[in-house]
Amino acid sequence: MDVKQMFDSLATHEQPPTAVDVNQAMAAGRAVRRRHRAAVAGTTAAVAVAAAVLAVGTVHPWPRQNGVAVAVPATPSATPSITATPRPTYKGFAELKKRYPPKGKVASVPPLLMWVSDAPRKNELFLCESGPNGSSCSGFPPLAAKEFARRQGKLRGVHVWFGVAKDDVHGVTAVTRDGRKVPGTLTRGASPGLGLWAVEYPPGADVRSLVFTGAKGGTLQRIAL
């Protein structure tokens, strides 16, 4: 074989085919694009799942504090938000409560904090109150058989009457001279068998009586002032 024949033979094998199947090439291209889209979709789904896991992990229950569990963001600056019951700030409250401990519970009867305590004298109880004028206790004998309520006193410089009532009493109302009615606040069961009440009325109101009512609204007792 001479040099020319060898060159022609090599050229024939190295040259690309002169004819191309167009349909086959288009089909192959579509297959490649489908595989690419599937790969992208799989990656997007994986990222979404990871983001969801991270989002769930950013909030967790805060350890219980005072029996309250609070969910807070898991960031270094986050602090639990717990609303605590405000403590009384009336002057002398803590000392008086320690000296005369409640025979039951301390009742919030705005604007007063009130409780019943045992008195030094036999067959007598103390009604203790703490409010805008400070804190004090005063003794009172048990309510009589037909007595449903009793006024214990009136705050100096503040338009408030207060006292004790049997648990049969469900409401207290101040009635003015012209017939207006001012509802009071009553806490039943503050002490065994006793409730505590207070009525705050507007300045200038001419209050003439206190009316105590039962569970069905009927009048149990009326105290003239």
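## Contacts of F162

Leaving aside neighbours within four places in sequence, F162 is in contact (heavy atoms within 4.5 Å) with L112, M114, L127, E129, R151, Q152, G153, K154, L155, W197 and A198. Apart from it lies a core of 15 residues, among them A149, V199, Y201 and I223. A nonpolar core is here a set of buried Ala, Val, Leu, Ile, Met, Phe, Trp, Tyr and Cys residues joined through side-chain atoms within 4.5 Å. Buried means under 20% relative accessible area, exposed over 50%, and partly exposed in between, with a 1.4 Å probe and protein chains only.

## Model and conventions

This is a predicted model, in which local features need pLDDT of at least 70 and side-chain atom pairs count only at pLDDT 80 or more, while totals for chains, interfaces and linings use all residues. Residues are numbered from 1 along each chain as its sequence is written, and side-chain values use heavy atoms, with hydrogens and water left out.

## Chain totals

The chain holds three helices and 14 strands; these are DSSP runs numbered from the N terminus, with helices being H or I of at least four residues and strands E of at least two. Of its 225 residues, 30% count as buried. The accessible surface comes to about 15200 Å², and 58% of this belongs to carbon and sulfur atoms; areas come from the Shrake-Rupley method with a 1.4 Å probe, and for residues only the protein chains shown count as cover. Among contacts with a separation of 6 or more, 42% are between residues 24 or more positions apart.

## The largest nonpolar core

The largest nonpolar core has 18 residues, of which M114, L127, F162 and L196 touch the most other members. At least two residues of this core come from each of strand 3 (107-109), strand 4 (112-118), strand 5 (125-131), strand 8 (160-166) and strand 12 (194-200). In soluble globular proteins, nonpolar side chains tend to be buried together.

## Two loops

The loop between strand 3 and strand 4 contains P111. The peptide bond from P110 to P111 is cis, with omega near 5°.

N123 is placed in the loop between strand 4 and strand 5. Its phi is near 60°, a positive value in a residue other than glycine. N123 counts as exposed because its relative accessibility is 61%.

An open sheet is formed by four strands in the order 10-9-13-14, with antiparallel pairing; two strands pair if DSSP finds at least two bridges between them. Strand 10 (181-183) and strand 14 (219-224) are at the edges with a single partner strand each, so one side of each has no neighbour in the sheet. From one strand to the next the twist averages 25°, taken between axes that are lines fitted to C-alpha atoms, with angles running from 0 to 180 degrees between N-to-C directions. Strand 13 and strand 14 pair over five bridges in the antiparallel sense.

S209 lies in strand 13 (residues 207-213) and stands opposite A224 in strand 14. S209 counts as buried because its relative accessible area is 8%. Beyond its neighbours within four places in sequence, S209 is in contact with T173, A174, V175, R222, I223, A224 and L225. The side chains of S209 and R222 are joined by a polar contact of 3.5 Å. Such a contact is a pair of N or O atoms within 3.5 Å; within protein, one must be able to donate a hydrogen and the other to accept it, and residues adjacent in sequence count only if both atoms are side-chain atoms.

## S191 in strand 11

S191 lies in strand 11 (residues 185-191) and, at 5% relative accessibility, counts as buried. Leaving aside neighbours within four places in sequence, S191 is in contact with K103, G104 and V116.
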